[in-house]
Amino acid sequence: MARKKHEEEHENHERWLVSYADFITLLFAFFVVMYAISSVNEGKYRILSNSLGVAFSGLKPQAPAMKDPVDATHSIIPLPTAAPSRAADAAVKKERAQMTNIARELLKAMAPLISQGKVRVTQTNRGVSVEINASVLFAPGEAKLSEQSETALRAVAKVLTKVGNDIQVEGHTDNVPINTAMFPSNWELSAVRASSVVRLFLDSGIDEKRLVAMGHAANQPVASNDTPEGRLRNRRVQLMILSGLPETVTEVPVLPD
């Protein structure tokens with residue numbers, strides 16, 4: 001009898017790859033879901049859910065429904081510059097309001113001289129300026145404060161002791177030359193006049209660290225020196241109550257020749 005040949009069945013040694021592939025797929029899906037949960041973007045979450053549904057159910061992908069196109073890219077995390085910008089704007093408004101209050105207090109303190117046109121109070125981005133005609137403060141060619149001027153300046157000092165702003169005191173003259181034993185030129189006259197006002201402020205209780213005295217002679221006129229009226233206006237002492245806001249400085253690079 002012919003012997004029947006029995007073919008032996010070969011064992012499939014690669015069946016583990018099926019289980020391994022299923023495990024890797026599930027692990028990938030797990031991490032994708034975890035990533036989607038951690039995201040605050042609702043649009044991306046919908047897209048991910050749709051993709052997973054397609055992968056495991058064989059359905060055709062559907063476009064995510066969005067009521068508002070902005071929702072797909074909206075983030076609940078605020079921009080980092082928003083809060084500092086609002087804080088900076090609030091600081092600017094507060095400082096400007098304080099400078100306006102200082103200007104109003106100075107207007108009250110110097111009201112009689114302002115009505116006579118001998119004092120001007122103005123407010124700029126740099127601060128509050130008080131321009132006092134020299135005829136109110138000094139005798140011609142002198143740098144000693146008169147009794148009337150001391151009364152007015154002490155009223156100003158009373159206002160300035162309530163705030164902490166720095167104060168610049170600037171002396172100005174007309175272009176008429178002076179040559180005396182005490183004042184060889186208008187430089188000395190303008191500087192000593194500014195120093196006399198600073199000395200009165202120190203005696204009135206203002207911290208010396210806040211004060212600066214400067215003499216400009218006739219180099220910064222506010223009127224023409226060709227008329228007596230113009231020269232009278234140029235002989236002045238200017239108080240500058242400086243704003244606490246930083247001044248804007250534009251830097252320009254200097255290139256070598």
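# Exercises on a predicted model

Gln168 is buried, with a relative accessible area of 14%, where buried means under 20%, exposed over 50%, and partly exposed in between (1.4 Å probe, protein chains only). The structure is a predicted model, in which local features need pLDDT of at least 70, side-chain atom pairs count only at pLDDT 80 or more, and totals for chains, interfaces and linings use all residues. Residues are numbered from 1 along each chain as its sequence is written, and side-chain values use heavy atoms, with hydrogens and water left out.

**Exercise 1.** Place Gln168 in the fold and find the partner of its side chain.

Solution. Step one: Gln168 belongs to strand E3 (residues 167–172). Helices (H or I, at least four residues) and strands (E, at least two) are DSSP runs, numbered from the N terminus. Step two: the side chain of Gln168 makes a polar contact of 3.4 Å with that of Arg126. A polar contact is a pair of N or O atoms within 3.5 Å; within protein, one must be able to donate a hydrogen and the other to accept it, and residues adjacent in sequence count only if both atoms are side-chain atoms.

**Exercise 2.** Describe the two ends of each salt bridge in the structure.

Solution. Step one: the structure holds 2 salt bridges, a salt bridge being a side-chain nitrogen of Lys or Arg within 4 Å of a carboxyl oxygen of Asp or Glu. Side chains of opposite charge can pair when their charged atoms come close.

Step two: Glu131 and Arg233 form a salt bridge at 2.7 Å, N to O. This pair links distant parts of the chain, with Glu131 in strand E2 (residues 127–133) and Arg233 in helix H8 (residues 228–234), 102 residues apart. Glu131 is buried at 13% relative accessible area, while Arg233 is partly exposed at 22%.

Step three: in the salt bridge of Asp174 with Arg235, the closest N and O atoms are 2.5 Å apart. Asp174 lies in the loop between E3 and H7 and Arg235 in the loop between H8 and strand E5 (236–242), so the pair ties together parts that are 61 residues apart in sequence. Asp174 is buried, with a relative accessible area of 6%; Arg235 is partly exposed, with 29%.

**Exercise 3.** Find which residues of helix H6 are buried, and how they are arranged around its axis.

Solution. Step one: H6 (residues 147–160) has 14 residues and spans 20 Å from first C-alpha to last, close to the 20 Å expected at 1.5 Å a residue. The expected span is 1.5 Å times one less than the number of residues. Step two: the buried residues of H6 are Ser149, Ala152, Leu153, Val156, Ala157, Val159 and Leu160. Step three: seen down the axis of H6, these residues fall within an arc of 155 degrees, so they line one face of the helix. The arc is that of the directions from the helix axis to the C-beta atoms. Step four: Glu147, Thr151 and Lys158 are exposed on the other side of H6.
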